[in-house]
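Subject: Structure handover

Hello,

Here is the structure I promised to pass on. My notes follow below it.

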Amino acid sequence: MPCPTVPAPSADPGLTVRLRQTAPIPLDVALSCRPGEVLALVGPSGSGKSTVLRSVAGLYRPGDGLVVCDGAVWLDTGNGVRLSPQQRSVGLVFQSYALFPHMTALDNVMAAMGHVARADRRARAMDLLARLHLDGLESRSPAALSGGQQQRVAVARALARDPKVLLLDEPFSAVDRVTRQKLYVELAELRRDLSIPTLLVTHDLEEASTLADTLSILRHGRTLQTGTPTAVKARPDSVGVARLVDVRNIFDGVVLGHDQTKTYLGWQGRTFTTRLRPDFEPLAKVAWCIPASHVLLHRRDRPTRGDAENPVQGVVTDLLPLGETVRMTVAIGPSGACITVPVLVHVAQRNHLEPGTEVTLTLRAEGIHLMPSE
Amino acid sequence: MDWTALWLSLSLGAWTIAILLPVGIVVGRWLAWRSFRGKGLVESLLALPLVLPPTVLGYYLLVSMGGRSPIGQWFESVAGHGLVFTFTGLVVASVLVNLPFAIQPMQRAFEAIPREVREAAACCGMSPWRTLLRVELPLAWPGILTAMVLSFAHTLGEFGVVLMVGGSIPGETKTIAIAIYDRVQAFDDEAAGAMSAFLLLFSLLTIGLSYALSNRARAIR
């Protein structure tokens, strides 16, 4: 007879979530998060990110769902399993922090230590507060703490339960930019010692890329794509994802054909070489995009001699100063298609860029990414 | 000064808030966080004593608790005496009359607790019972206190319903408000004045105390 305390060998030590329903909020979500991994749920407001988090915590009851954490089934609608939030070992940091306003910072943390022997609670809560750089503020009430400090108390309280999963619901949205940058560093430091899965809900792609190992892009309650931040941003699965991850240069084209190492893309009467993508049939209509980092501006005083990849000529139509960079819009050919690229202010000056200037751009083959046509 | 009537009024007030405290917490909390069909009707019924003339309310209570009503007959079979014109009957009437004064402030107080704070308690592993004691009641405390003070003060001053349901039996149903009326009728202005002054002072004291306490509680939040 197998010992019941030993988990089955197939048990996944991380977090597995499958949610599906059509109303009142449509959901079609599948994700998994390994111990120590930070998975960011990214999407516009109303995309269902917080609902996913609340379903994991047991605060929302999805129509169909499976939530398994560290081998324990928390939710299995098919088999009538539904654990209460109290029975699930979760640490949740709310967007508003939801600290208990009538308790001190220390009492807030100790409130989540029902599982710890009474005599040990105080010392452990003090340890946690110290770990989050809150020494000396133990006896303050939440109202007497700054936004950043409140957020740290909320994180300390979430960890006080020794959770099996850490859930962060837009935890940085209520603090100013400088504090946010500081808290990013603290969270990055903190997670080095955490061996549990962490779900981070955010609508800020930059924040997600900074903090997460994996991005999961959500729209209308559906997970559209999951992958590393670099992969999702450079190789979105669809035009929809490309738009959500802020890829600006998206165009329609035609696959002309393949050879051993390359695929040939037709656009505006030009032929571009791209990475080999045998998954697209020749003559298939496609959408393609290129991240700004793969668009190079040729120096006008030192024109390259023909060996550059995918050169395109165009005319500068707009130069919009944005801090240290200038957003340059270049019209390509007579159709009015435009490529926008940020260039550094000094580069724009050295190249005497102004509206009407003719420029040559290189679209690096490695950067051109093909997607199914919409 | 009719000390018996004063003592009767104070014990009627104490009984009323002792019964309304748990009732108000349960009902107020339920109305604050649950939405269900007919919630508007329930809230209207509970608010009815605010607008109904006390004599009308008193009349219906008299009829429904009287010896010819099922409730009155049931009570008589259990307790051995009738419900109307007794202190017990007065307590029942007082509780019903004070429902809106107790429930509404408590409902508002529970409504003011953010949903996320209650959810945070659940995510901290706190049981519903522990959440009530450690989070909800401390946060709703000013509203609960206001409800208790309002109900108590209102009980001391209630006249119409008490007269209809209790009559004016000294030591049983003759409260201080009725005693004042009684003294005025007997041209005993001295006693009426003393009792009125006492009630005025007492009301001022309780209401002042409740404001002070709830301001302090709010400052803590």
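Start with a helix pair in chain B. Helix α2 (residues 39-51) of chain B packs against helix α5 (residues 87-111) of chain B at an angle of about 110°. Their axes are 8 Å apart. Angles of 65 to 115 degrees count as roughly perpendicular, and α2(B) and α5(B) are therefore roughly perpendicular to each other. From α2(B), the contact takes Leu46(B), Ala47(B), Pro49(B) and Leu50(B). From α5(B), it takes Leu96(B), Val97(B), Leu99(B), Pro100(B) and Ile103(B). By class, that gives nine nonpolar residues, no polar ones and no charged ones. Bear in mind that this is a predicted model.

The rest of chain B

Chain B has 10 helices and zero strands. Along the sequence the pattern reads α-α-α-α-α-α-α-α-α-α. Taken along the principal axes, the C-alpha atoms of chain B fill a box of roughly 65 × 40 × 30 Å.

Look at helix α1 (residues 3-33) of chain B as well. Helix α1(B) has 31 residues. From first C-alpha to last, α1(B) reaches 44 Å, close to the 45 Å expected at 1.5 Å a residue. Where is the kink in α1(B)? A kink of about 30° lies at Leu20(B). That position comes shortly before the proline Pro22(B).

Where the chains meet

The two chains touch. On one side are 17 residues of chain B, in contact with 18 residues of chain A. On the chain B side, the elements giving two or more residues are α6 (115-123) and α7 (128-157). Helix α6(B) provides the largest share of that side, six residues. By class, the chain B side divides into 11 nonpolar, two polar and four charged residues.

Helix packing in chain A

Two helix pairs here are worth a look, and α4(A) is in both. Take α3 (residues 118-131) and α4 (residues 147-160) of chain A to begin with. They pack at an angle of about 135°, and their axes are 9 Å apart. Helices α3(A) and α4(A) are therefore oblique to each other. Their crossing is right-handed. On α3(A), the contact is made by Ala125(A), Leu128(A) and Leu129(A). On α4(A), it is made by Ala156(A), Leu159(A) and Ala160(A). This contact of α3(A) with α4(A) divides into six nonpolar residues, no polar and no charged.

Now the other pair. The axes of α4(A) and helix α5 (residues 177-192) of chain A come within 10 Å and cross at roughly 30°. Angles under 35 degrees count as roughly parallel, and that makes α4(A) roughly parallel to α5(A). The crossing of α4(A) past α5(A) is right-handed. Which residues meet here, from α4(A) and from α5(A)? Gly147(A), Gly148(A) and Gln151(A) in α4(A) meet Thr179(A), Lys182(A) and Leu183(A) in α5(A). The contact of α4(A) with α5(A) divides into one nonpolar residue, four polar and one charged.

Backbone details in chain A

Two loops need a check on your screen. In one, the peptide bond from Ala23(A) to Pro24(A) is cis. Its omega is near -5°. Pro24(A) lies in the loop between β1 (15-21) and β2 (27-33) of chain A.

In the other, look at Asp70(A). Phi of Asp70(A) is near 55°. That is a positive value in a residue other than glycine. Asp70(A) sits in the loop between β4 (64-69) and β5 (72-76) of chain A.

- Chain B: 10 helices and zero strands, with a kink of about 30° in α1(B) at Leu20(B).
- Chain contact: 17 residues of chain B with 18 residues of chain A.
- Chain A: a cis peptide bond from Ala23(A) to Pro24(A), and a positive phi at Asp70(A).

Best wishes

Definitions and conventions. Residues numbered from 1 in each chain as written. Chains lettered and ligands numbered in written order. Predicted model: local features only at pLDDT ≥ 70, side-chain atom pairs only at ≥ 80, totals over all residues. Contact = placed C-beta atoms within 7 Å. Helix = DSSP H or I, 4+ residues; strand = E, 2+ residues; numbered from the N terminus. Nonpolar A, V, L, I, M, F, W, Y, C, P; charged D, E, K, R; others polar. Axes fitted to C-alpha atoms, helices over the stretch in contact; angles between N-to-C directions. Parallel < 35°, antiparallel > 145°, perpendicular 65-115°, else oblique. Left-handed = near helix turned anticlockwise from the far one by under 90°. Expected span 1.5 Å × (residues − 1). Bend = angle between axes of the 7 residues up to and from the residue.
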